[in-house]
Amino acid sequence: MDALSEHNIPWGLVTASLQHDMPAEEKAQLEQWLAESAVNQETYDRLREIWELRLNDFPAYQSADEVAGWEALKQRLAPVSSVSMQQSPGRVVSFRRWAAAAAVLVLLASGIIWYMTAGNREQLYVTAANEQKEISLPDGSTIALKPFTEIHVAGDYNQRARSIQLVKGEAFFNVVHNASKPFTVNMDESSVKDLGTSFTIRRSADTVKVMVTSGKVAFVRNETQETRELSVGMSLGYAITSKNFTELSTPDSITITNNNLLNFDHTSLTEVARQLQKIFNKRIELAGDVIGDRKLKADLRGQPLDRVLQVVCASLNLDYTEKNGIIILKDKENK
């Protein structure tokens, strides 16, 4: 749920529970409330998530005025249980503290503070074996993830900057250039900054490899800010252990060439099929010679085969089937 209602939420019990500061009697009351409905349990789980993931770093809570917080809480909430309201003198300070925390928690749960919402959290993308995934970013840039890849997108992406964390694996970045909001891929020991381009990064345990398919990038050693500028067709590695840039081997040059082959500019379907066979090592046949003359204009660099086939079919009014390991492209009217 995107915003939590204040209706019937025992805030005093909830907040004491989140701060691990509640007597057995109050704990029993909370458990009874949770058992009343699945909605109550869902609400509590959401509040715990907000508390654990966000409230510890929330500046308004860190500097909260306990008395003011308690007054605000009393004005906003329905009466809580009489037991949770009865505090001994020895517990006044901690009671006021959780009251201030509860007041802040109400604001968070109500969706009043924008940067506490789920839409502003860091986004995590992971692919498994034999899985590829395409990410569309708010600025129009895209990322194509290869298998065994993990990427984090900053929660404030495209607000003041555009920051991506490549934890492991390989990804193809097709970036919409914006000089006022630099696009940066961070990899702890090194980073890649977009200068108007599309490029591939492959990160393993000992090496970071960058391959540029269009435009140019700045490949930076973060520790010393040593920078290498790479333009289209160029590739470069960074050895993590020895901390130095290294030239890449032939297979990475082949990767660059293959990526460029997926940029079609009024290319006949016959030629498209031939290039797809070469790149993906998959047999592709056309059902009828007449469709071979249709022309495709599309930039499909970095895309997995299934996505490429979807674009080709949508652009040229085709369907495709796969039989015995052979992909067959046919006219939609040729059933």
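Asp139 is buried at 16% relative accessibility (buried means under 20% relative accessible area, exposed over 50%, partly exposed in between, with a 1.4 Å probe and protein chains only). The model is predicted: local features need pLDDT of at least 70, side-chain atom pairs count only at pLDDT 80 or more, and totals for chains, interfaces and linings use all residues. Residues are numbered from 1 along each chain as its sequence is written, and side-chain values use heavy atoms, with hydrogens and water left out.

**Asp139 and its surroundings**

- Asp139 sits in the loop between strand S2 (133-136) and strand S3 (142-145). Helices (H or I, at least four residues) and strands (E, at least two) are DSSP runs, numbered from the N terminus.
- Its side chain makes a polar contact with the side chain of Arg162 at 2.4 Å. A polar contact is a pair of N or O atoms within 3.5 Å; within protein, one must be able to donate a hydrogen and the other to accept it, and residues adjacent in sequence count only if both atoms are side-chain atoms.
- The side chain of Asp139 also makes a polar contact with the side chain of Ser141, at 3.0 Å.
- Leaving aside neighbours within four places in sequence, Asp139 is in contact with Tyr157, Asn158, Arg162 and Val176 (contact means heavy atoms within 4.5 Å).

**Salt bridges**

- The count comes to 15 salt bridges. Each is a side-chain nitrogen of Lys or Arg within 4 Å of a carboxyl oxygen of Asp or Glu.
- Asp188 pairs with Arg203, with the closest N and O atoms 3.1 Å apart.
- Asp188 is exposed, at 55% relative accessible area, whereas Arg203 is buried, at 12%.
- Asp188, Glu189 and Arg203 are linked in a network of salt bridges.
- Lys216 forms a salt bridge with Glu229, with the closest N and O atoms 3.6 Å apart. Lys216 belongs to strand S10 (residues 216-221) and Glu229 to strand S11 (residues 226-231), so the pair joins parts 13 residues apart in sequence.
- Lys216 is partly exposed, at 35% relative accessible area; Glu229 counts as exposed, at 51%.
- Glu322 and Lys282 meet through their side chains in a salt bridge of 2.9 Å, N to O. Glu322 is in strand S17 (residues 318-323) and Lys282 in the loop between helix H9 (269-280) and strand S15 (283-286), so parts 40 residues apart in sequence are tied together.
- Glu322 is partly exposed, at 47% relative accessible area, and Lys282 is partly exposed, at 26%.

**The S15-S18-S17 sheet**

- Three strands form an open sheet in the order S15-S18-S17, with mixed pairing. S15 and S17 are at the edges, each with a single partner strand, so one side of each has no neighbour in the sheet.
- Neighbouring strands of this sheet are turned by 25° against each other on average, direction ignored. Axes are lines fitted to C-alpha atoms, for helices over the stretch in contact, and angles run from 0 to 180 degrees between N-to-C directions.
- S15 and strand S18 (residues 326-331) run parallel and are joined by four bridges. Two strands pair if DSSP finds at least two bridges between them.
- Glu285 has Ile328 in S18 as its bridge partner.
- H9 packs on the sheet and touches S15, S17 and S18; its direction makes about 165° with that of S15.
- Helix H10 (residues 305-316) lies across S17 and S18, at about 145° to S17.
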